[in-house]
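Here's a quick tour of the salt bridges, sheets and nonpolar cores in this one. Have a look at the fold first, then work through the points below.

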Amino acid sequence: MPLLGGIRPPIAVLCLLILALAGLTVKVLGPGEDAVVPKAVLTSQRYFAEDGAIALRASIDERVTDLQRTADALNAGPRVEPERVLSDLGKTYQKWTGTTVLDLESGDVLAARGERIPLAWLDKDVLTGEHALAPRMVRLETGDVRLMTMVLLDWKDGAQQLLIASNSLSVPAINMGPFRTMSVVARDGEVLATAGFEESEALNSDKQREELAFLQKQMSHLSDQAAERTEEHPVTAREPGSRGYPGVSGTLLGDDYAGRVTTAGYASLASSDPEEKDSVAAGLGLTVVAMLPVVQQDAGETGRELYGLVAAGALVVLGLLAAAVLWAAVQRPLLRLFLESRRLARGDLTRPVAVPRWGEAARIGAALERLRTQLHHAGEGPGQGPGGKSGKVRLGMRVPLGVTAVLLLLWCVPVGLLLNRTDGSVSVPATIVNDQRDRTDLIADRVRRALNEAQADLVSTSRLIDADDPGAAETLLADALEEHTRYQALYVVDADGGVVARAGGDPHDWSDDQDLPLVRVSGKGDRKPVIQAAAPVPEHKGTTLVGEVRVEFLNSLLKRPGLGEVRVVNADARTVAGSDGFLAFEKLPGDALTDLVRAGNVRVGAGPVENGLLIRDGGDVTVAAAAPFSGGGIASDIGWTVVSSQDADHFEIAAYEREDRSVLAGMLGLAAIVLCLGWVYLVVARPLRALAAGAEKLADGDLKTVHYPRYQDEVGAVVRSLELLRQQLQARRQNQARRPAEPRLGAGGR
């Protein structure tokens, strides 16, 4: 018989699967790995490093773009004195540590602002070639590293000038929370900048200074590891199935000190869209490392090894019972039928057929006994003999299959649905709540900076607008709209509210009320909120340049893994942007989030502060945070807040992992049931029912129907034996019909 034919293979596979699942149960339901830090805490550090890398990359790229945009605007107009160039640049963008204008022919410094920029690094390779005027990192005499950005000022009259702006590669000005430190690391592992370390002079004891020295050494050591790992390609370095960050990111575990283990996340600077948009910052080879000492935690799984063994033992016992049911109720009767049918087909008719007690096997055995009687007693007709007709059993093979399924379900259902279930008392590490709060504040800072940049771009563009020439103004607005993808419409409004020039979508009303902020939201009742930013047009009193910021642009800033659903709400706690879709100006889901927003906007000390909260509602646990806008700029006073919330079961916490593993074990058990019992039903049960019906018809005298075996297995062997018995009965009937005709032929001859 073929290897995969008959009743033996599915029973054997079922036993093997049960043993494999039992071994897996010991592992997944037993004690977990001896992790001193929960996986959720490590993952949170990686997310924090990614957020820092995104903030640093956006800051560097924005500075380069702003400088190039300023140069393009200056080159398009009349010649401007170097001092005024730097003065206007400083008024519009306060983001460079130093600026300098050089005469390219003579090399003389025409104007300078801020810290002194050394010029020894300027040479022919910097100013010419394929990478001419590309931003580069330069080390100052003090040892600090600065990023030098260069643009060319080229007017029709006069010599060309070079505008150089330097800015530090400092850690992004974000809220890192207590005890966290962050560093910017170069390709060779050198730490270029750090933030979060206290000054040793400010510490009160030698023990604190010793701990500070330990953390600084840990940062240096972990930075070397991070720089080495970020040299890999993002595709090969990323774990299978991970997504969301285009660069290389991961986690590191350092040494412990005084009961606390240093954890770190790292992320290389990468373009937000590598296929469509190049990033200057991504080409610098920088890496952001975020380090946080975490209290070493006990896994709390003592005794779980015995727990897993008990569950695995119960599965083995029930599996053996299920296999015994299949062997006793299916395999053994079928093998006996196979032997009995082969004996009859070979002509051994002396011994009665051993008829099974029930099911299709009993029907087939009774039919074989009637066939044996018909062959052994030639005078008896079809349907006669001691065997008689057997009553049809309606259930048949379904009973042992059902009993087997019930035995295995007695293990799968409790394990999958009842074992290791969590409730509202799950312990969530405080670090998770703190990181949710700090990362939400980082997102709020990103949105605030984006709105400030939008308004600053409008200020820069407004200086080039001639409100007396609408045609030229519309051309300028169209070019600006094409360059700045954050806007959906740009238009110039006069003192009476009339639109002088426009580009993009339909303009909305704008009020020149001095009490209203330059960044505001309107459109309540519409499908989408209208977010407007404005800048007065110089030398045209009452004329304002208005830009409508796309809601989709703000939504894209909110989408970060590990934060759940993120929304931006106004002062009335109404939604104006969201990461997962929203209705314009809808309320927050749940009163707890609304109360959290109101609590965050209560001024404490210098201003509102961010808040984190662990919400327990019945069996649900939610981690939420709210961060109001703060930190300066036009957008800091509009009263907006960023709110984030996510279910705690999304975190890699031991309790939820045990619950997931239990569900996995139950699902694997169900898969084994469906596979093996479905195999038995398709290969054995259905053909056996058809065989029982055919055997009874043959015993009733149906000698015309030919019996073909469907499978080359035990059932097929019984079918072949039935076909041989049918042929024997047919031959015997033909012989009996031929014998009475012979005397008539003899009488006719006389």
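A salt bridge here means a side-chain nitrogen of Lys or Arg within 4 Å of a carboxyl oxygen of Asp or Glu. Keep in mind that this is a predicted model, where local features need pLDDT of at least 70 and side-chain atom pairs count only at pLDDT 80 or more, while totals for chains, interfaces and linings use all residues. Residues are numbered from 1 along each chain as its sequence is written, and side-chain values use heavy atoms, with hydrogens and water left out.

**Salt bridges**

- Searching the whole structure turns up 34 salt bridges.
- One of them pairs Asp506 with Arg502, with the closest N and O atoms 3.4 Å apart.
- On burial, the cut-offs are under 20% relative accessible area for buried, over 50% for exposed and partly exposed in between (1.4 Å probe, protein chains only).
- Asp506 is exposed at 58% relative accessibility, and Arg502 is partly exposed at 34%.
- Lys528 and Glu552 also form a salt bridge, at 3.1 Å from N to O.
- Lys528 sits in the loop between strand 13 (519–522) and strand 14 (530–536) and Glu552 in helix 12 (residues 551–558), so this pair ties together parts that are 24 residues apart in sequence.
- Helices (H or I, at least four residues) and strands (E, at least two) are DSSP runs, numbered from the N terminus.
- Lys528 is partly exposed at 29% relative accessible area, and Glu552 is partly exposed at 36%.
- Arg726 and Glu723 make a salt bridge at 2.7 Å, N to O; they are 3 residues apart in helix 15 (residues 714–738), or about one helical turn.
- Both Arg726 and Glu723 are buried.
- Shared partners link Arg46, Glu50, Asp51, Arg439 and Arg560 into one salt-bridge network.

**Strands and sheets**

- Two strands count as paired if DSSP finds at least two bridges between them.
- An open sheet of 5 strands runs in the order 12-11-15-14-13, with antiparallel pairing.
- Strand 12 (499–504) and strand 13 are at the edges with a single partner strand each, so one side of each has no neighbour in the sheet.
- Strand 11 (residues 487–493) pairs with strand 12 over 5 bridges in the antiparallel sense, and Ala489 stands opposite Gly504 of strand 12.
- Elsewhere, strand 20 (residues 641–647) has 6 of its 7 residues buried, so the rest of the structure largely encloses it.
- Strand 20 runs antiparallel to strand 16 (residues 565–569), joined by 5 bridges, with Ser644 as the bridge partner of Val566.
- Strand 20 also pairs with strand 19 (residues 620–628) over 7 antiparallel bridges, where Val643 is the bridge partner of Ala626.

**Nonpolar cores**

- A nonpolar core is a set of buried Ala, Val, Leu, Ile, Met, Phe, Trp, Tyr and Cys residues joined through side-chain atoms within 4.5 Å.
- The largest core has 60 residues, and those with the most contacts inside it include Ile364, Trp411 and Leu722.
- Helix 1 (8–28), helix 7 (304–345), helix 8 (359–376), helix 9 (398–418), helix 14 (654–699) and helix 15 each put in at least two residues, with the largest share, 14 residues, from helix 14.
- Leu371 touches Leu698, Ala699, Leu722, Leu725 and Leu729, leaving aside residues up to four places away in sequence; contact means heavy atoms within 4.5 Å.
- A second, separate core has 42 residues, among them Phe585 and Val642.
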